[in-house]
Amino acid sequence: MLNDNNPLSPTPPVTQEVRVVPTSRELFLGFLGLGMTAFGGALPLAHRMVVERHRWLTEAEFVELLGLCQFLPGGNIINLSVALGMRFRGVKGALAAIFGLIAVPSMVVVMLGILYQHYQHDPLIKHLFAGLAAAASGLLIQMAVKIALPLRKNLVLAGLATICFIAIAWLRVPLLWTMLVMTPVSVLVTAKFAGRNDANSDAKKGAAS
């Protein structure tokens, strides 16, 4: 394809995804805003901020990083902020992201704790927290659906995710034991099928040539 202004110069190819590398300041401000708005369920809003709004990660990269953060001890959103900061800006980025995330919630939690201590038996306060819990549940379900959608193209990964869901949600198997069993199984199965797909791809290329 030729450029309209200069017929002799080809038009540069159009990239499908524009990647944005954040600065430490952008990491701090991004997670600061997330900490100010994420009431009850931070992961759905983190997905929206990182993937959809700022485009720091693709959908697949976010899912992979979230899987790693869920395997590590501690809160998922805390792990995600540190991992994301380390990925782009090293230790400085990790500190910027984590401090941005916890700055406002820490102050809000202290104030809410004081208020709750005095008004915990008030019916209006109980209804308020019940409504926040319902909203957080809806956000988590929405994020789970978004993360699960890419798995529809890979029945093996979808099957592994379904097994984990059944074990934890229905059979009430402890999360730690589920992860200790399913993580190596998932790695082995994924590696096996990835190698098979690579072999098939090489065979197709050889046949085409």
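Helices (H or I, at least four residues) and strands (E, at least two) are DSSP runs, numbered from the N terminus. On that basis the protein has seven helices and zero strands. From the N terminus on, the elements run α-α-α-α-α-α-α.

This is a predicted model, where local features need pLDDT of at least 70, side-chain atom pairs count only at pLDDT 80 or more, and totals for chains, interfaces and linings use all residues. Residues are numbered from 1 along each chain as its sequence is written, and side-chain values use heavy atoms, with hydrogens and water left out.

**Overall figures**

Buried residues make up 24% of the 209 residues. Buried means under 20% relative accessible area, exposed over 50%, and partly exposed in between (1.4 Å probe, protein chains only). The protein exposes about 14300 Å². Carbon and sulfur atoms supply 69% of that area. Accessible areas come from the Shrake-Rupley method with a 1.4 Å probe; for residues, only the protein chains shown count as cover. Contact means heavy atoms within 4.5 Å. Among contacts between residues at least 6 apart in sequence, 57% join residues at least 24 apart.

**Helix packing**

Two packed helices are described by the angle between their axes and the distance between the axes. Axes are lines fitted to C-alpha atoms, for helices over the stretch in contact, and angles run from 0 to 180 degrees between N-to-C directions.

| Helix pair | Axis distance | Axis angle |
|---|---|---|
| α1 (residues 24-37) and α2 | within 10 Å | roughly 145° |
| α2 (residues 42-53) and α4 (residues 76-119) | within 10 Å | roughly 25° |
| α3 (residues 59-71) and α4 | 9 Å | about 120° |

Angles under 35 degrees count as roughly parallel, over 145 as roughly antiparallel, 65 to 115 as roughly perpendicular and the rest as oblique. A crossing is left-handed if the near helix is turned anticlockwise from the far one by less than a right angle, and right-handed if clockwise. For residue classes, Ala, Val, Leu, Ile, Met, Phe, Trp, Tyr, Cys and Pro count as nonpolar, Asp, Glu, Lys and Arg as charged, and the others, Gly among them, as polar.

Take α1 and α2. Their crossing is right-handed. G30, F31, L34 and T37 of α1 make the contact with A42, L45, A46 and M49 of α2. These residues divide into six nonpolar, two polar and no charged.

Helix α2 also packs on α4, with axes within 10 Å and an angle of roughly 25°. That makes α2 roughly parallel to α4. The crossing is left-handed. A42, L43, A46 and V50 in α2 meet N76, I77, L80 and L84 in α4. By class, this contact has seven nonpolar, one polar and no charged residues.

Helices α3 and α4 are oblique to each other. Their crossing is right-handed. From α3, E61, F62, L65, C69 and Q70 meet N76, N79, L80, A83, L84 and R87 of α4. The classes here are six nonpolar, three polar and two charged.

**Single residues**

S24 is found in helix α1. At 13% relative accessibility, S24 counts as buried. S24 and L95 are 71 residues apart in sequence and 8.7 Å apart in space, C-alpha to C-alpha. Leaving aside neighbours within four places in sequence, S24 is in contact with R89, K92, G93 and A96.

Most residues other than glycine have a negative phi. Phi of R55 is positive, near 60°. R55 is found in the loop between α2 and α3 and is partly exposed, with a relative accessible area of 39%. Phi of R172 is also positive, near 60°. R172 lies in the loop between α6 (155-170) and α7 (175-208). With a relative accessible area of 67%, R172 is exposed.
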